[in-house]
Amino acid sequence: MRAAHPATTDSLALSDGRIVTLVEPIGRGSVGEVHRGVVEGAWGVRRPVAVKLYDTSADQDSGDVMRRLGRVARHAAGVRHPAFIQILEVDQTDDYHQPRPFAVMELVTGESLASLLRSWREHGLRVPVDFALVVALKAAEALGAALFSESADGSLTSLLHGDLSPRQILVSDQGEVKVGDFGQGALYDPVSHVRSRSAIAYTAPEVARGLPRDARADVFSLGAMLHEMLVGPRFAAGTGTADALDMVRDAEFHMSLVEPNLPRALRKIVDRAVAANPIQRYAHARALSFDLRREMLRMGLCDAQTSIRQAVVGWCEVRTPTLTSEIASPRRSDVVPKLDAEDTIPEIRRADLK
Ligand SMILES: Nc1ncnc2c1ncn2[C@@H]1O[C@H](COP(=O)(O)OP(=O)(O)OP(=O)(O)O)[C@@H](O)[C@H]1O
Ligand SMILES: [Mg+2]
C-alpha cells in the first residue's frame, strides 16, 4: 500500500537549482497528487505547469519508481504532438528518508474526459458523435506520435501508454484534446495486469489474462473509449468486479454498436479496434487514426487543423517504421498472445484493483 503523504511543501527544487513553486492542488489520482505550479527560470521567466507528486511507501523503493519515471521521461522527450501532454522535467524531492519522485508537465486547463462523460450521463445526454470522433482521433494521433516520433539520437520514441482511460484525457478550454500519464501504470508494478477498478472497462483481454501488452493493447483501450462514447458504458449498471473481469477477459461489451445512424465503415473501425484477438486489431494507434480520419472526412467532420496539416504533409503520410525500443517491445512482445492457452493465463490479482 502506498501511504498518504502529509501536506506538501509549497516549493520543490530541481537538481539544476531551479525552483518549482506549488500554487494550488488540482486533484489526486491513484498514484499521487497534481498541483498547479510555476517553474521559476532565469531572467524572470515564470512558466505555469502541472506538477505530479508520486506517492511512495516504506515497502516500495522510491528509487525504482524514479528510475522508471526517468526512463518514461527520456522517451517522452522526443514526442512531438499537440495532443501529447509534454513532460518538462522529472526529479525527486530532497527528503533524505523517502524522496518523492515528481513530474513537471505542461499545464492543461479544462476537464478530464471522464468528468465530461460522467456529467453527460448524469444529465441523460448522449455524447455528440463529432465530439467522440474528434477526441478519439486526437488521442489516436497522440498514441501514434508517442510510438513514432524521432528522439534526439534519431531512434524512435516507442512509448506505449499502458493505462489509457478517459481519466488520462483532458479536453482543454481551448478545445484541444490532451493525453497524459504515458507509462504511469508501470511505474510501481511493471507486471500488474489491470491497473485499477476505473481502468477495467478499457483493459485489453490479453492484458487481463496476464499476457504481455504491446501497442495493440492501447488500441483496444482507445477503441473501448470510443465504443463507450458512441454506445454507452461497457458494463450494465450494477455489474460486480468479478463479472466485469470475466467480460474483460472475453472482450465482451454490454451493448454492441448497432446505432443505425452511424456509417457501417465507422462501426467496422470500432469493431476492429476492440477485436478480442490482437492479431485482428490495428497494429498500433497510428493505423487506427488514418482510418478514423478518412471516415470522418467522408462524414464531413474534417476539423480545420486536419485540413491545414493535410495541405502541409499530404494525405498519405503513412510512415510505420519498425519499433525498436524495449518500451514498445517488452520482453515476449514478439510472441503473439495465444488467447486460448488457458494454462498460461494467470489469475488477475485482486490486489491490483482499488
Ligand atoms: N497536465 C495536467 N494539467 C492539468 N490538470 C491535470 C494534468 N494532469 C492531471 N491533471 C488533473 O489532476 C487531477 C489528478 O490527476 P491524476 O493523473 O493524478 O489522477 P487521475 O487522472 O484522475 O487518475 P490516474 O491516477 O489514473 O491518473 C485530475 O483531475 C487530472 O485531470
Ligand atoms: Mg491521470
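Visitor: What makes strand β5 mostly covered?
Guide: Five of the six residues in β5 (residues 87-92) are buried. Keep in mind that this is a predicted model. Buried here takes 20 or more other C-beta atoms within 10 Å.

Visitor: How do you know that β5 and β6 pair?
Guide: Two strands count as paired because DSSP finds at least two bridges between them. β5 and β6 have five bridges, in the antiparallel sense, so they pass. One spot to look at is I87, whose bridge partner in β6 is M105.

Visitor: How far apart are D94 and L14 in sequence and in space?
Guide: They are 80 residues apart along the chain, and 9.3 Å apart from C-alpha to C-alpha.

Visitor: What about W43, is that one buried or exposed?
Guide: Exposed, because W43 has 4 other C-beta atoms within 10 Å, and the limit is 12. W43 sits in the loop between β3 and β4. Its phi is positive, near 60°, and W43 isn't a glycine.

Visitor: And why is D181 called buried?
Guide: D181 has 24 C-beta neighbours inside 10 Å, so it counts as buried; the threshold is 20 or more. D181 also has a positive phi, about 60°, without being a glycine. Look for D181 in the loop between β9 and α4 (205-208).

Visitor: What makes β8 and β9 a pair?
Guide: The two strands run antiparallel and are joined by three bridges, and two would do, so the pairing holds. V171 stands opposite V177 in β9. The hairpin has four residues between its strands, and G175 there takes a positive phi near 85°.

Visitor: How do you know that β7 is joined to β8?
Guide: Three bridges again: β7 (residues 110-112) and β8 (residues 169-172) run antiparallel. At least two are needed, so this counts as a pair too. In this case S112 faces L170 in β8.

Visitor: How do you know that the span of α5 is close to what's expected?
Guide: The expected span is 1.5 Å times one less than the number of residues. α5 (residues 215-231) has 17 residues, for which 24 Å is expected, and the helix reaches 24 Å from its first C-alpha to its last. It's mostly covered as well, with 17 of its 17 residues buried. Just after α5, G232 takes a positive phi of about 135°.

Visitor: Which residues of the largest nonpolar core touch the most other members?
Guide: A136, A139, L222 and A273, out of 85 residues in that core. Helix α3 (residues 129-148) gives the most to this core, with 14 residues. Both domain 1 (11-106) and domain 2 (110-353) supply at least three residues each.

Visitor: What makes up the shell around ligand 1?
Guide: By class, nine nonpolar, seven polar and five charged residues. That shell has 21 residues, the closest being G27, G29, S30, V34 and A50. To count, a residue's C-beta atom must lie within 6 Å of the ligand. The largest share, three residues, comes from β2. Domain 1 (11-106) and domain 2 (110-353) each provide at least three residues of the shell.

Definitions and conventions:
Residues numbered from 1 in each chain as written. Chains lettered and ligands numbered in written order. Predicted model: local features only at pLDDT ≥ 70, side-chain atom pairs only at ≥ 80, totals over all residues. Nonpolar A, V, L, I, M, F, W, Y, C, P; charged D, E, K, R; others polar. Domains from an automatic or database assignment. Core = buried A, V, L, I, M, F, W, Y, C linked by C-beta atoms within 7 Å.
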